[in-house]
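This report goes through one protein chain, from its overall make-up to single side chains.

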Amino acid sequence: MLRYLGTRLLGMAVVMLIVATLVFLITRLAPGDPAAMMLGEQASAADVARLSAQYGLDRPLPEQFGRWLMEVARGNLGHSIFLQIPVGEALLARVEPTLLLALLGVTLACAIGIPCGVLSAVWHGRLVDQAVTGVAMLGASMPSFWFGMLLMQLFAVELGWFPVAGYGNPEAPLFFEKLRHLVLPAVVLGVLNSSLIIRFTRASMLDVLSDDYVRTARAKGLPEVQTIVRHALRNALVPVVTVIGLTAALMIGGAAVTETVFGLPGIGSLVVSAVLRRDYPVIQGALLVIAATYVLINLGIDLLYMAIDPRIRY
């Protein structure tokens with residue numbers, strides 16, 4: 001087990017180094033000078049050169065990359081050019097709505113995806129199976145921004161049940177008020193991402209339901225619900241857990257469209273604004289944190305396999 005963890009941690013370090021290199025190069029390939037964009041069109045060339053020198057943007061790329069890696073190794077993600085605060089502080093200020101949105105979205109996706117996938121597998125080839133499969137395909141092909149605006153128009157504008165956008169009153173940030181603002185975007189993420197969980201649960205359950213131990217349990221006279229939930233579902237959960245973990249990571253790092261539609265001050269909207277402003281430190285720091293979240297969730301999923309299936313050993 002310890003040897004496995006050591007190997008995985010070493011592999012994670014290599015992956016993060018590759019991600020850091022790609023993120024740095026991609027940000028530098030984008031057109032636009034951060035200093036010129038910050039100072040505006042009226043700024044002189046001398047002012048732009050002075051600001052570029054202040055943030056080290058005039059240095060050779062290998063030197064900039066080396067300095068940034070050294071700061072990251074010390075736990076410093078850099079200093080935002082436009083926000084004038086440390087990148088870590090900017091991310092911490094935006095992390096709450098993103099994490100709450102991801103938690104609500106994953107919970108809703110599991111609450112929809114797993115039961116529907118099980119029902120689709122149990123009633124394989126029947127009307128229920130066809131209906132669930134059709135809904136899953138519809139959810140997988142539906143654009144998130146269109147579905148979000150549809151829910152906004154119906155439940156926020158027409159019915160007035162939920163706020164249109166935002167994250168509550170900054171002067172009185174009540175937790176219940178924040179949750180009300182997260183309901184519609186969580187429904188968008190949960191419903192659309194449940195389609196993948198439905199398909200994986202259905203496929204995994206179909207494989208398990210044909211195994212000998214399931215037929216033996218039925219032959220012994222066990223109730224059908226107990227046979228499905230206790231014997232079949234637990235053994236079918238290994239690939240489903242992988243999808244759930246990757247879905248959670250995707251919601252944390254890829255909810256920029258949903259956050260933008262609903263005006264949520266999360267990490268996704270922070271990255272979008274940083275890209276528009278060419279705020280290199282924020283882009284690099286945010287993408288590096290998102291990549292680290294991916295690899296940590298992936299490691300947690302692998303370790304969770306043993307709790308689901310005791311036969312798995314590392």
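## Basis of the values

This is a predicted model, in which local features need pLDDT of at least 70 and side-chain atom pairs count only at pLDDT 80 or more, while totals for chains, interfaces and linings use all residues. Residues are numbered from 1 along each chain as its sequence is written, and side-chain values use heavy atoms, with hydrogens and water left out.

## The chain as a whole

The chain has 13 helices and zero strands; helices (H or I, at least four residues) and strands (E, at least two) are DSSP runs, numbered from the N terminus. The C-alpha trace spans about 85 × 60 × 35 Å along its principal axes. Of the contacts with a separation of 6 or more, 76% are between residues 24 or more positions apart, a contact being heavy atoms within 4.5 Å.

The chain has 314 residues, and 39% of them count as buried. Buried means under 20% relative accessible area, exposed over 50%, and partly exposed in between (1.4 Å probe, protein chains only). The accessible surface comes to about 16800 Å², with 69% of it belonging to carbon and sulfur atoms; areas come from the Shrake-Rupley method with a 1.4 Å probe, and for residues only the protein chains shown count as cover.

The chain carries 22 positive and 20 negative charges, whose mean positions are 10 Å apart. Lys and Arg count as positive and Asp and Glu as negative, without His and the chain ends; each charge is placed at NZ of Lys, CZ of Arg, CG of Asp or CD of Glu.

Leu10 lies in helix 1 (residues 2-29) and is exposed, at 59% relative accessible area.

## Leu91, a buried residue

Leu91 sits in helix 5 (residues 87-122) and is buried, at 9% relative accessibility. Leaving aside residues up to four places away in sequence, Leu91 touches Leu77, Ile267, Leu270, Gly285, Ala286 and Val289. Phe175 is 84 residues from Leu91 in sequence, and their C-alpha atoms are 20 Å apart.

## Salt bridges

Side chains of opposite charge can pair when their charged atoms come close. The structure holds four salt bridges, each a side-chain nitrogen of Lys or Arg within 4 Å of a carboxyl oxygen of Asp or Glu. Arg67 pairs with Glu63, with the closest N and O atoms 3.2 Å apart. These two residues are about one helical turn apart because they lie four residues apart in helix 4 (residues 61-73). Arg67 is partly exposed at 46%, as is Glu63 at 31%. A network of salt bridges links Arg59, Glu63 and Arg67.

Glu71 and Arg74 form another salt bridge, at 3.0 Å from N to O; Glu71 is partly exposed at 31%, and Arg74 is exposed at 57%. Asp129 and Arg202 meet at 2.8 Å, N to O. This pair links distant parts of the chain, with Asp129 in helix 6 (residues 127-141) and Arg202 in helix 8 (residues 175-209), 73 residues apart. Asp129 is buried at 4%, whereas Arg202 is partly exposed at 21%.
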